[in-house]
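Please read it alongside the sequence and the structure shown here.

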Amino acid sequence: MLDSVEANNFEALPLLSLNHVSLLCRSVWDSVRFYEEVLGFVSIKRPSSFKFNGAWLYNYGIGIHLIENPSIDDFDTIVEPRPINPKDNHISFQCTDVGLVMRRLQDMGMKYVTAVVEDQGNRVDQVFFHDPDGYMVELCNCENIPIIPLSSCSFKQRLSSFYKSAPAKCGFMENAMMESLSMEMLNISF
């Protein structure tokens with residue numbers, strides 16, 4: 001494993017953004033229906049060279065690639081739905097109205113769990129639920145908590161982000177810089 005001094009000597013890879021998430025599913029049809037009807041994804045053309053059942057979906061700047069494997073239970077533990085646990089693996093999407101999400105999930109008869117994250121007067125509401133294969137999905141208003149690189153905080157404040165101790169508080173200038181950077185990034189992406 002590289003230590004932090006060595007890692008800083010390497011230039012980051014030329015990444016642009018998250019392209020897609022691939023998920024194994026028991027039934028492509030059931031999963032496509034879920035991602036279209038519940039999350040608003042749209043089925044898109046998939047390369048014809050694939051010799052296995054699957055589907056590609058796209059929306060919100062991200063793709064979801066479904067790969068059908070009816071024997072998924074042979075090597076995975078998702079035979080019975082696991083409890084909905086916010087600290088489990090999940091894919092998260094920002095949303096504009098968490099209350100509306102909860103009402104729609106109730107109307108569809110879907111089980112979900114809510115959570116709240118608070119930091120320095122900012123509040124994020126989260127809703128967690130499973131897709132047909134037990135993969136957890138989160139919908140939240142996560143943009144309510146600003147993105148602040150730990151490198152802009154003092155060493156003591158960085159440590160507090162990793163351990164349960166005093167909350168990290170970065171200075172006004174660091175927050176202003178990050179807000180400006182975030183707005184520039186949004187302008188670039190459109």
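Predicted model: local features only at pLDDT ≥ 70, side-chain atom pairs only at ≥ 80, totals over all residues.

Helix α3 is followed by G109, a residue whose phi is positive, near 75 degrees.

**Helix α3**

- At the start of α3, the backbone nitrogen of G99 has a side-chain oxygen of D97 within 3.1 Å.
- Helix α3 spans residues 98–107, and its buried residues are V98, V101 and L105; because these buried residues fall within an arc of 50 degrees when α3 is seen down its axis, they line one face of the helix.
- The buried residues of α3 pack against two strands, β7 (122–130) and β8 (136–140), whereas R104 and D107, on the other side of α3, are exposed.

**The disulfide**

- One disulfide is found in a search of the whole structure, and the cysteines that it joins are C140 and C142, with an S to S distance of 2.1 Å.
- The link of C140 and C142 is left-handed, with -120 degrees about the S-S bond.
- C140 counts as buried, at 0% relative accessibility, while C142 is partly exposed, with a relative accessible area of 28%.

**Other cysteines**

- C25 counts as buried, at 0% relative accessibility.

Key: Residues numbered from 1 in each chain as written. Heavy atoms only, no water. Disulfide = S-S within 2.5 Å. Buried < 20%, exposed > 50% of the residue type's maximum accessible area, 1.4 Å probe, protein only. Helix = DSSP H or I, 4+ residues; strand = E, 2+ residues; numbered from the N terminus. Arc of directions from axis to C-beta. Contact = heavy atoms within 4.5 Å. Polar contact = N/O pair within 3.5 Å; in protein donor to acceptor, adjacent residues only side chain to side chain.
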